[in-house]
Amino acid sequence: MSFTTVAGRTPIDTDVPAIRNDSKSFRRGAFGPMTLRRVEDMEVAGKRLLVRADLNVPVEEGRVTDATRIDRFAAGMKPLLDRGARLVILTHYGRPDPAAPDPALSVENLGPALSGALGVPVRFAASCAGRDAVALSAQLADGEAMLCENLRFDPGETHNDPTFAAGLAKLGDIYVNDAFSCAHRAHASTAAIAALLPAAAGPLLTEELRALNDTLEAPRRPSVAIVGGAKVSTKIAVLKNLVRKLDSVIVGGGMANTFFVADDIPVGRSLCEPDHVGTVHEIRRAAAEAGCRIVLPVDIVTASELSHGARATVRDLDACPADDLILDAGPRSRERFNALLDGAATLLWNGPPGAFEYRQFADATIAIARHAADLTRTGALRSVAGGGDTVAALNAAGVAEDFSYVSTAGGAFLEWLEGRTLPGIAALERAAR
C-alpha cells in the first residue's frame, strides 16, 4: 500500500472495520417524504465519484493519531472501488485562513492512513479545483483514488460559491455526499455542487440517516431520550422536538438544575439558568400536550467544588447545601432511569447526566450507559447516541461498540435532533427528484 505525493510520505497501515448499510429511502419530518439516491444502486464502473468525505481527524507531527473516521469512510468506499469506481476525495481539515493557508493543515498528511485503509495507492492533488487536479482525475483508472487539498484553503468553499462548485464538478462524473457531519453546512462541496452533477448519498451518510430516522421518526415504542449537557438554552429546540416525537425524555446534567429551579428546589452554586425558567414551563407544556413524560433525577450527588480531589456526597433532591454544586444524579435516580430503559424499545442519547470526566461524578453516566448496552446486546433495545461528550462518555464506559449506532457528527446531529432542514441533505433530495 502506498500514498503517492510530490513529497512521497511514508504510508501507515490501518485496520478496516466493516459497516452495515441496508437502507434505500428515508422519511423525515423536516422534509416530508424523502427518497435519496444511493451510490450503491448506481453504475459506477469507469465513473469518477467525486466524494465529499469528513476526514477531519487528529494529526500530530504529520501522522494521523486516530483513524476511526478514515477507516469507516474507507469501509464504504472499498466495495465501490472493487466495482471499478474511480475515487476523487474531497474533505476539509481544521479551520484554515484561506488568505494564508497553514501548511500544517494540508490534507496531504492524511494520505498514508487513507491509502492504508482503502488498500490502494492514493494520489494527491495540491489543489481542489485547479487544472492540475482535473488533469489528475482524468488519469485515474478503474479502482484508483486521489485526494484533493483541503477544501477550506479556498474561500469559495465556506461561501458556497457557485464558481468554486463548478470547478469542483469538473473533477467527477457523479457527486457523492458521504459526510453527514458536514450536511448542516451550506458549503460549495455539500450544497451548490449537488445541482451540477448526478448526486447520491454515500454509504456512511445512508447509514447515519437510517439510524436517526429509525430512532426519531419511526421509533419502536416505548421510546426514550436521554438529554444532558450544561445548559437548557443550548438545547431548547432539541427538547421541544423530542417531547413531540418520543414517549419519555430523561433530563440530566446541568440542564436538570434549571428544571429544579423552576420547581423551587435548591441548587446551591450549581450551574443553572434562572432566566430560562419560562422555557422549562414551555417545554413541559409541549410535553404534556404530546403525552411525553419528562423524567428528572430524584436524588443528587454534590460537592463543594468540581475537581478530581473533591468529596462527593449523595443527598436527597431538596438537600443541596447553599455552597455545594450538583454534579451527578444519585443512586435512586440511576435505578429510576434504568427501570425506564427496561421497558423501552428505543433509546436516543445526547449528553451525559453528570460530570463523568471526574471519577466521583461518573457513576450515573457509566451505570446507565452499561445498562443500555446490556439491553442492546440482548436485542431488547435499539440505542442511538451522538454528540462529542456522549461519545466520550460511552468510550469511558467501554460500551460504544455495543450501541446500535453512535454518531460522530456534532453540529449536524444536534440540528437533526432539533428537526431542522440540513442543507446538504436537502440538496441531495432535490437532486433525486
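Predicted model: local features only at pLDDT ≥ 70, side-chain atom pairs only at ≥ 80, totals over all residues.
Close-up 1. Leaving aside residues up to four places away in sequence, Met-42 touches Arg-37, Arg-83, Ile-174 and Ala-200. Ala-256, by contrast, is 214 residues from Met-42 in sequence, and the two C-alpha atoms are 48 Å apart in space.

**Close-up 2. The aromatic pair of Phe-180 and Trp-416.** The structure holds 2 aromatic pairs, and in the one shown here the ring centres of Phe-180 and Trp-416 are 6.0 Å apart while the ring planes meet at 65°, so the pair is edge-to-face. Because Phe-180 lies in the loop between β10 (174–177) and β11 (199–201), whereas Trp-416 belongs to helix α13 (residues 411–417), the pair ties together parts of the chain that are 236 residues apart in sequence. Phe-180 counts as buried at 3% relative accessibility, and Trp-416 is likewise buried, with a relative accessible area of 1%.

**Close-up 3. The aromatic pair of Trp-349 and Phe-403.** Here the ring centres lie 6.2 Å apart and the planes are at 50°, so the pair formed by Trp-349 and Phe-403 is tilted. Trp-349 sits in strand β18 (residues 346–350) and Phe-403 in the loop between α12 (388–397) and β20 (405–407), so that the pair links distant parts of the chain, 54 residues apart. Both Trp-349 and Phe-403 are buried.

Close-up 4. Rolling a probe the size of a water molecule over the atoms shows where empty space is left. Of the 18 residues that line the largest cavity, Asp-54, Asp-178, Ser-181, Leu-204 and Thr-408 are the closest to its centre. At least two lining residues are supplied by each of α1 (68–82), α6 (203–217) and β20, and the largest share, 4 residues, comes from α1. Sorted by class, the lining of the largest cavity comprises 9 nonpolar, 4 polar and 5 charged residues.

**Close-up 5. Helix α9 and its packing partners.** Helix α9 (residues 277–290) has 14 residues and reaches 20 Å from its first C-alpha to its last, which is close to the 20 Å expected at 1.5 Å a residue. The residues of α9 that are buried include Val-277, Thr-279, Val-280, Ile-283, Ala-286 and Ala-287. An α-helix has 3.6 residues a turn, so residues three or four places apart point the same way. The buried residues of α9 pack against α7 (236–245), α8 (254–262) and β14 (293–295). Just after α9, Gly-291 takes a positive phi of about 75°.

**Close-up 6. Helix α11 and its packing partners.** The 15 residues of helix α11 (residues 363–377) should span 21 Å at 1.5 Å a residue, and this agrees with the end C-alpha atoms, which are 21 Å apart. Buried in α11 are Ala-364, Thr-365, Ile-366, Ile-368, Ala-369, Ala-372, Ala-373, Leu-375 and Thr-376. These buried residues pack against strands β12 (223–227), β17 (325–329), β18 and β19 (382–386), and against helices α10 (331–342) and α12. Just after α11, Gly-379 takes a positive phi of about 90°.

Notes: Residues numbered from 1 in each chain as written. Heavy atoms only, no water. Phe/Tyr/Trp six-rings, centres within 6.5 Å; stacked < 30°, edge-to-face > 60°. Buried < 20%, exposed > 50% of the residue type's maximum accessible area, 1.4 Å probe, protein only. Contact = heavy atoms within 4.5 Å. 1 Å grid on protein atoms, 1.4 Å probe; cavity = no way out; pocket = protein on both sides within 12 Å on 5 of 7 lines; lining within 4 Å. Nonpolar A, V, L, I, M, F, W, Y, C, P; charged D, E, K, R; others polar. Expected span 1.5 Å × (residues − 1).
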